[in-house]
Every structure is written in structure tokens, then in C-alpha cells.
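Please keep the sequence and the 3D view open while reading.

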Amino acid sequence: MPTKYDDMTPHEAAEALRWLALMGAEEIILAEQVNRLAAPAPRAPAAAAPGVPSPEAPSLPLAATGPTAAAGCNSLAEIAAALEAFDACPLKKTATRLCFADGNPKARVMLVGEAPGRDEDIQGKPFVGRSGQLLDRMLAAAGLSRGAEDRDSAVFITNVIFWRPPGNRTPTEAETLMCLPFLLRTIELQKPDVIVCLGATPAHRLTGRSDGILKLRGKWMTANVSGRNIPLLPTLHPAYLLRQPAQKRLAWRDLLSLRQMLDAH
Ligand code: URA
């Protein structure tokens with residue numbers, strides 16, 4: 001099929017490639033081009049029962065559909081499906097796929113990171129790149145793993161943001177707030193005994209504090225989600241530990257504190 005790129009001179013093609021790289025593209029993932037910025041095809045309205053006039057769909061402002069869509073979910077699978085159908089977050093247009101969660105939904109421990117990176121965007125699972133591999137090794141040292149079947153040794157992993165920000169840029173306040181109802185509903189449904197925040201973004205969102213992560217880390221706090229107080233431990237993000245390996249000793253202290261909390265309750 002001819003594309004607009006067939007008409008380009010080599011110079012124009014090189015300029016287009018340079019622009020894509022500037023926008024954060026790092027590799028070619030699909031053989032077929034996908035215009036992620038094209039308007040989505042309108043959804044077919046649900047068929048009305050014979051003889052019953054079909055009601056007009058209520059026109060909610062797009063961002064306001066988040067809380068409603070999240071509140072209507074009664075399982076983690078329904079949250080994943082609601083996110084697949086949620087078109088208000090602009091990050092969805094530039095991401096390859098949804099990256100919702102991984103691990104054991106029955107786990108006592110929920111880990112919350114910031115946002116998917118390149119590897120997570122390709123695989124659709126949180127923390128599968130280099131920082132995820134470090135995270136898995138750290139968890140194993142504390143007797144925890146995302147693959148464990150018993151809830152005492154298992155973890156469930158998700159992020160504040162469910163689509164990769166282009167070029168791994170920091171998500172905006174608006175993008176974070178759009179995703180927040182889905183994270184909160186995930187916490188309500190997964191019912192963790194303990195939440196571990198990886199880095200400042202989830203710690204700020206779930207505690208309302210704004211101090212730097214080096215001040216917050218290692219201190220037990222509380223996340224109040226729908227009237228339930230959940231013990232929450234902020235710790236250092238594994239990507240930061242890859243850049244600052246000397247700080248691993250602090251993360252190790254936090255893991256020991258997590259282990260003690262789990263063993264005591
Ligand atoms: N960093 C995050 O915060 N989340 C991921 O899923 C991967 C890297």
C-alpha cells in the first residue's frame with residue numbers, strides 16, 4: 001500500500017526520521033505503520049432492544065470518565081478492560097500498548113512504580129527492563145517474588161501511570177490525575193496488606209506528602225484508600241539504584257523493614 005513516505009525525497013525522509021527520534025522514538029516495533037495520533041474510529045452504539053428508542057450517550061467531559069469508569073470495575077480484569085477502553089489519557093496515543101500490572105493478585109504486598117519505560121511498553125508488563133531485573137533480585141533477597149503462588153511470598157506490581165510517556169519524560173500532573181482513579185480502584189480490589197512505593201511519584205500520590213524520596217524513604221506511612229488505612233513504605237526506585245549503586249544499602253534497609261512488618265502481622 002502506498003504511504004505518504006513513498007513521495008519523500010531522501011532528505012525529507014531523513015528529516016522525518018530525525019523528528020521521530022526527537023519525539024522519543026528509539027526503535028521500530030511494528031512492520032506496519034500506525035498513526036497513533038489519528039482520531040479513534042467512533043464506537044458503534046449499543047444496539048437497542050426492538051421497539052425501544054436508544055438513549056443518547058451522556059456526553060461527559062473526557063477526563064471525568066476516569067472516576068466513573070474505574071468505580072464501575074469489580075475485578076482487576078475489569079480495570080484492565082476499562083483502561084483499554086479509556087481514551088482520555090493522551091499518553092495512550094503514543095504508547096505501544098497498555099501496561100497495567102504483573103504478579104499475584106492475591107499477594108500481601110503491592111509495589112507501585114511511576115510509569116512504564118521502553119521495555120514495559122513493548123511487553124505490556126511493569127518492571128521488565130533493567131530496573132525490573134534489579135527489583136526482582138532485591139525482592140528475592142527478601143524472600144519475595146512476582147511469580148510466587150502463596151500470598152505471603154508474592155508481590156503484585158503496578159504503576160501510577162499505565163502508558164509510557166514519550167521518551168520516558170516525567171508524566172504531567174494532568175496525566176497522573178487521569179490515571180489515579182484506576183490505581184485507587186486497583187488498591188481497593190487487590191486489598192494489599194502493605195504498599196511499597198518505588199520512588200517519589202507514587203509516594204506523593206498515595207500519601208499527599210511532597211518531600212523528596214531521600215527524606216520519605218524507610219518511614220512507614222499510611223495510605224487511606226476508601227476509608228481503609230494501609231501501611232505504606234516509600235523506598236528508592238530501582239532505576240535510581242542503577243545510577244547510584246552506593247544507595248543500595250538504604251534500599252536494603254527498607255526491604256528488611258518490609259520483611260519485619262510482614263513477619264509481625
Ligand atoms: N519504572 C517504573 O516506574 N515502572 C516500570 O514499570 C518500569 C520502570
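Of the chain's 265 residues, 40% count as buried, where buried means under 20% relative accessible area, exposed means over 50%, and partly exposed lies in between (1.4 Å probe, protein chains only). The model is predicted, so local features need pLDDT of at least 70 and side-chain atom pairs count only at pLDDT 80 or more, while totals for chains, interfaces and linings use all residues. Residues are numbered from 1 along each chain as its sequence is written, and side-chain values use heavy atoms, with hydrogens and water left out.

**Overall make-up**

- The chain has 11 helices and six strands; these are DSSP runs numbered from the N terminus, with helices being H or I of at least four residues and strands being E of at least two.
- Among contacts (heavy atoms within 4.5 Å) in the chain with a separation of 6 or more, 70% are between residues 24 or more positions apart.
- The accessible surface of the chain is about 14,700 Å², and carbon and sulfur atoms hold 57% of it; areas come from the Shrake-Rupley method with a 1.4 Å probe, and for residues only the protein chains shown count as cover.

- The six strands make an open sheet with mixed pairing, in the order 1-3-2-4-6-5; two strands pair if DSSP finds at least two bridges between them.
- Strand 1 (101-103) and strand 5 are the edge strands, each pairing on one side only.
- From one strand to the next the twist averages 30 degrees; axes are lines fitted to C-alpha atoms, for helices over the stretch in contact, and angles run from 0 to 180 degrees between N-to-C directions.
- Helix 11 (residues 248-264) lies across strand 2, strand 4 and strand 6, and runs at about 155 degrees to strand 6.

- Strand 2 pairs with strand 3 (residues 155-159) in the parallel sense over five bridges.
- In that pairing, Leucine 111 stands opposite isoleucine 157, and methionine 110 has phenylalanine 156 as its bridge partner.
- Strand 2 is also joined to strand 4 (residues 194-198) by four bridges, and these two strands run parallel.
- Here valine 109 stands opposite valine 194 and leucine 111 opposite valine 196.

**Strand 3**

- Five of the five residues of strand 3 are buried, so strand 3 too is largely enclosed by the rest of the structure.
- Val155, Ile157 and Asn159 point one way from strand 3, whereas Phe156 and Thr158 point the other way.
- Strand 1 and strand 3 run antiparallel and are joined by three bridges, with aspartate 102 opposite isoleucine 157.

**Ligand site**

- The residues around the ligand are Gly113, Glu114, Ala115, Pro116, Glu120, Pro126, Phe127, Ser131, Asn159 and His237, where a residue is listed if one of its heavy atoms lies within 4 Å.
- A backbone N or O atom of alanine 115 lies 3.0 Å from a ligand nitrogen atom.
- A polar backbone atom of phenylalanine 127 is 3.0 Å from an oxygen atom of the ligand.
- A polar side-chain atom of asparagine 159 is 2.9 Å from a nitrogen atom of the ligand.
- The ligand taken alone exposes 230 Å², and the protein buries 92% of that.

**Glutamine 190**

- Glutamine 190 is found in helix 7 and is buried, with a relative accessible area of 5%.
- A polar atom of the glutamine 190 side chain lies 2.8 Å from the backbone oxygen of alanine 107.
- Leaving aside neighbours within four places in sequence, glutamine 190 is in contact with Leu76, Asn104, Pro105, Lys106, Ala107, Met110 and Phe156.

**Helix 8**

- The buried residues of helix 8 (residues 200-207) are Thr201, Pro202, Ala203 and Leu206.
- These buried residues pack against strand 2, helix 7 (173-190), strand 4, helix 9 (213-216), strand 5 (221-225) and strand 6 (228-235).

Methods: A polar contact is a pair of N or O atoms within 3.5 Å; within protein, one must be able to donate a hydrogen and the other to accept it, and residues adjacent in sequence count only if both atoms are side-chain atoms.
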